[in-house]
Amino acid sequence: MTPTLFGRLQTRVFVTVVVGGAWTALLALALPGLELRKAVVVLATMGVLGLVWELLYHWLMGFRWEKDWPSLLGLLTGFNEGVVLALVLGTGKVPGLDAGPPITTFLVHFISVWLVTWGWLQGPMKVFDPRWRFRGGRLL
């Protein structure tokens with residue numbers, strides 16, 4: 001089944017908060033330059049921008065025959081989302097964050113969160129909630 005817009009939004013919020021949040025907490029313990037408070041602000045900004053991206057992706061998918069992205073294209077969308085997130089963080093206008101994190105810290109954090117959440121959607125999500133796909137990606 002093709003994910004519905006509401007299902008995509010629900011899935012994005014769930015995966016960002018639960019999977020991305022758990023990974024960010026572990027990463028903040030292991031990565032010396034990553035403060036947990038700042039990492040959570042970056043993750044929250046990523047989540048809010050992700051909801052906007054989902055609206056754009058949903059509109060673009062309307063032009064595709066099967067109305068969905070191939071999995072690899074879903075992985076590659078991390079590039080444009082990461083660039084926009086870095087630009088937004090670089091403005092210094094994100095509430096709770098005086099300046100963006102150092103670029104290497106940002107890259108390690110963003111890329112690893114992106115890969116972990118994408119990987120979660122490719123396998124474990126389908127195991128823990130087998131009907132997720134058939135409900136259009138809705139969790140509730």
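Is Val17 buried or exposed? At 57% relative accessibility, Val17 counts as exposed, since the cut-off for that class is over 50%. The model is predicted.

**Helix H2**
- Helix H2 covers residues 36-61, and at 1.5 Å a residue its 26 residues should span 38 Å; the end C-alpha atoms lie 35 Å apart, which agrees.
- The buried residues of H2 include Ala39, Val41, Val42, Leu43, Trp53, Glu54 and Tyr57.

**Nonpolar surface patch**
- Val13, Val17, Val18 and Leu51 make a nonpolar surface patch of about 300 Å².
- Helix H1 supplies the largest share of the nonpolar patch, namely three residues.
- Val17, the residue of the opening question, is found in helix H1.

**Salt bridges**
- The whole structure contains four salt bridges.
- Arg8 and Glu54 form a salt bridge in which the closest N and O atoms are 2.6 Å apart; because Arg8 lies in helix H1 and Glu54 in helix H2, the pair ties together parts that are 46 residues apart in sequence.
- Arg8 and Glu54 are both buried.
- Glu54 also meets Arg12 in a salt bridge, at 3.0 Å from N to O; with Glu54 in helix H2 and Arg12 in helix H1, this pair ties together parts 42 residues apart in sequence.
- Arg12 is buried, as is Glu54.
- A salt bridge of 2.9 Å, N to O, joins the side chains of Glu81 and Arg12; Glu81 belongs to helix H3 and Arg12 to helix H1, so the pair ties together parts 69 residues apart in sequence.
- Glu81 and Arg12 are both buried.

**Aromatic pairs**
- Five aromatic pairs are present in the structure.
- Trp53 and Tyr57 form a stacked pair, with 5.5 Å from centre to centre and 25 degrees between the planes.
- Because Trp53 and Tyr57 are four residues apart in helix H2, about one helical turn separates them.
- Both Trp53 and Tyr57 are buried.
- Trp59 and Phe63 form an edge-to-face pair, with 5.1 Å from centre to centre and 90 degrees between the planes.
- Trp59 is exposed, with a relative accessible area of 54%, and Phe63 counts as exposed at 61% relative accessibility.
- One aromatic cluster consists of Phe106, Phe110 and Trp114.

Notes: Residues numbered from 1 in each chain as written. Predicted model: local features only at pLDDT ≥ 70, side-chain atom pairs only at ≥ 80, totals over all residues. Heavy atoms only, no water. Helix = DSSP H or I, 4+ residues; strand = E, 2+ residues; numbered from the N terminus. Expected span 1.5 Å × (residues − 1). Buried < 20%, exposed > 50% of the residue type's maximum accessible area, 1.4 Å probe, protein only. Patch = residues over 30% accessible without salt bridge, like charges linked within 9 Å, V, L, I, M, F, W, Y side chains within 5 Å. Areas by Shrake-Rupley, 256 points an atom, 1.4 Å probe, with all protein chains shown as cover. Phe/Tyr/Trp six-rings, centres within 6.5 Å; stacked < 30°, edge-to-face > 60°.
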